[in-house]
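Student: Please take me through the pairing of strands and the packing of helices in this model.

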Amino acid sequence: MNRGPSSLKDPSASQGRLRFFDAHNHLQDERFEGRWDELIDAARTVGVERMVVNGSCEEDWPVVAMLAERFPEVIPSFGYHPWYLEERTTAWRETLIRWLDRTPGAVVGEIGVDRWMLENPDRWRRYRQGAIPFAGKPPEWALQESMVISQLEIAAARGLPVTIHCLRAFGRLLEILENGPCPGPGFLLHSYGGPVELVDRFAELGGYFGFPGSALDPRRQRQQEVFHRIPIERLLVETDAPDQMPPELHRPSVLTGPSGSLLNVPANLPAIHAGLAELTGRSLESLTGQLAENFHRLFGSLRVPPRLQVGP
Ligand SMILES: [Zn+2]
């Protein structure tokens, strides 16, 4: 692909040859107000090749499917996020299966378990709030477990990789995966914040670990130390856009959302990679190459963007 004149002195020009993969985001999020052309254009310009766009409830699954149809970069992912379980309809399972079966290249996620919201219901309500006041109760633990197991079964039966959200429940999640069903192609522990002691056991089961840009914050030292210990072939980078804003040095691009809040975007991926390269003492080139390989191993063989099928 002709990317125009470049100069070796221009770091963005050398980054332009690298390919970046966003292992986890929520491009369908309503805070983006449908500015998808702008978001995808900016991501393309800096070399973002693919992104896993995670649905979180029945309401947003159609938007994820539409984005996958419109943009070859998008790998559509469908799942019930633990925060939204109370909104499920009696037909959630059939609806999920229908989206998975009829959307080319679909994977499963974001599913998961979350004890943090049960321990911090007021903070959770504030996060969920948006423009409309929200007074709901966090979904009970038993419901969370049964929903995560049902969705793992659906993924395992179809041989699909899964993206998992987990807050303050890593020990129990490990048991659930050890007892099965555990998806054959593997799973991403998105924005991994679990203990270092569990890394090898999750990895043995097929686990990958998502590094979010927000972990570059110098105050997140504990999480940074955990990422030092993760086998490099199980590491992935994610933006979790529009959330998990990287520190100022690592966010060349931001959007201003509806309430004036700043939104993280996939175009920040190269700057997040640069931060992680520095943190792990690797060159940007070797880190990026390894992460691309990891991404393809877990997600990438499923769908080839049409522009890559065109000859030189
Ligand atoms: Zn997410």
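Student: Which residue in S5 stands opposite aspartate 114?

Tutor: This is a predicted model, in which local features need pLDDT of at least 70, side-chain atom pairs count only at pLDDT 80 or more, and totals for chains, interfaces and linings use all residues. Residues are numbered from 1 along each chain as its sequence is written. S4 and S5 (residues 162–167) pair in the parallel sense over five bridges, where strands pair if DSSP finds at least two bridges between them, and strands (E, at least two residues) and helices (H or I, at least four) are DSSP runs numbered from the N terminus. The residue opposite aspartate 114 is leucine 167.

Student: How many of the residues of S4 are buried?

Tutor: S4 is joined to S3 by two bridges, and these strands run parallel. A residue is buried if 20 or more other C-beta atoms, placed from the backbone, lie within 10 Å of its own, exposed if 12 or fewer, and partly exposed in between. S4 is mostly covered, and the count of buried residues is eight of eight.

Student: What is the order of the strands in the open sheet?

Tutor: The sheet has eight strands with parallel pairing. Its edge strands, S1 (20–25) and S8 (235–238), each pair on one side only. From one strand to the next the twist averages 25°. The order is S1-S2-S3-S4-S5-S6-S7-S8.

Student: Why do the buried residues of H4 line one face of the helix?

Tutor: The buried residues of H4 (residues 92–102) are Leu96, Trp99 and Leu100. An α-helix has 3.6 residues a turn, so residues three or four places apart point the same way. Seen down the axis of H4, the buried residues line one face because they fall within an arc, taken over the directions from the helix axis to the C-beta atoms, of 100°.

Student: Which exposed residues are on the face of H4 turned away from its buried side?

Tutor: The buried residues of H4 pack against H3 (61–70), S3 (74–78), S4 (107–114) and H7 (141–158). The face turned away from that buried side carries Glu94, Asp101 and Arg102.

Student: At what angle do H11 and H12 pack?

Tutor: Axes are lines fitted to C-alpha atoms, for helices over the stretch in contact, and angles run from 0 to 180 degrees between N-to-C directions. The axes of H11 (residues 269–280) and H12 (residues 284–298) are 9 Å apart. H11 and H12 are therefore roughly perpendicular, a class that covers 65 to 115 degrees, with under 35 roughly parallel, over 145 roughly antiparallel and the rest oblique. The angle is about 110°.

Methods: Two residues are in contact if their C-beta atoms, placed from the backbone, lie within 7 Å.
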